[in-house]
Amino acid sequence: MQQLCLAGVTLKALGGKSKNWKATLKAEEPTPKDKYWRDRFGKDKLSANDLYWFTQGYTKGTPGACNTWKAPESKVA
């Protein structure tokens with residue numbers, strides 16, 4: 001979650017824009033490392049929380065927006 005949030009912060013800092021983040025995040029071809037992660041942890045698609053955290057980072061544009069310790073439990077489950 002923090003990884004996606006920080007990716008959103010980074011994209012904001014670099015001036016990236018998109019109207020459909022879900023499609024943007026899925027556009028990258030998986031690398032062997034991604035495939036390992038998915039095989040090992042069963043992560044093969046974006047969850048609503050993944051998209052929430054990416055958008056949170058992009059919208060706020062600061063790493064402070066990525067504080068999963070203070071987030072509601074429903075956003076980190």
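**Exercise 1. Decide whether W53 and Y52 are buried, partly exposed or exposed.**

Step 1. Set the cut-offs: buried means under 20% relative accessible area, exposed over 50%, partly exposed in between (1.4 Å probe, protein chains only).
Step 2. W53 has a relative accessible area of 2%, so W53 is buried.
Step 3. Y52 has a relative accessible area of 27%, so Y52 is partly exposed.

A note on the model: it is predicted, so local features need pLDDT of at least 70 and side-chain atom pairs count only at pLDDT 80 or more, while totals for chains, interfaces and linings use all residues. Residues are numbered from 1 along each chain as its sequence is written, and side-chain values use heavy atoms, leaving out hydrogens and water.

**Exercise 2. Classify the aromatic pair of Y52 and W53.**

Step 1. Rings of Phe, Tyr and Trp (its six-membered ring) pair if their centres lie within 6.5 Å; planes under 30 degrees apart count as stacked, over 60 as edge-to-face and the rest as tilted.
Step 2. This rule gives a count of one aromatic pair.
Step 3. In that pair, Y52 and W53 lie 5.2 Å centre to centre, with 85 degrees between the planes. The pair is edge-to-face.

**Exercise 3. Describe helix α4 and what follows it.**

Step 1. Helices (H or I, at least four residues) and strands (E, at least two) are DSSP runs, numbered from the N terminus. The chain has four helices and zero strands.
Step 2. Helix α4 covers residues 48-60, which is 13 residues. From first C-alpha to last, α4 reaches 18 Å, close to the expected 18 Å. The expected span is 1.5 Å times one less than the number of residues.
Step 3. The buried residues of α4 are N49, D50, W53, F54, Q56, G57 and Y58.
Step 4. Just after α4, G61 has a positive phi of about 70 degrees.

**Exercise 4. Find the disulfide and give its handedness.**

Step 1. A disulfide is a pair of cysteine sulfur atoms within 2.5 Å. The sulfur atoms of C5 and C66 are 2.1 Å apart, and the two form a disulfide.
Step 2. C5 sits in helix α1 (residues 2-13) and C66 in the segment after α4, 61 residues apart.
Step 3. The S-S torsion is about -85 degrees, so the disulfide of C5 and C66 is left-handed.
Step 4. Both C5 and C66 are buried.

**Exercise 5. Which residues make up the largest nonpolar core?**

Step 1. A nonpolar core is a set of buried Ala, Val, Leu, Ile, Met, Phe, Trp, Tyr and Cys residues joined through side-chain atoms within 4.5 Å.
Step 2. The largest has five residues: C5, V9, W53, C66 and A71.
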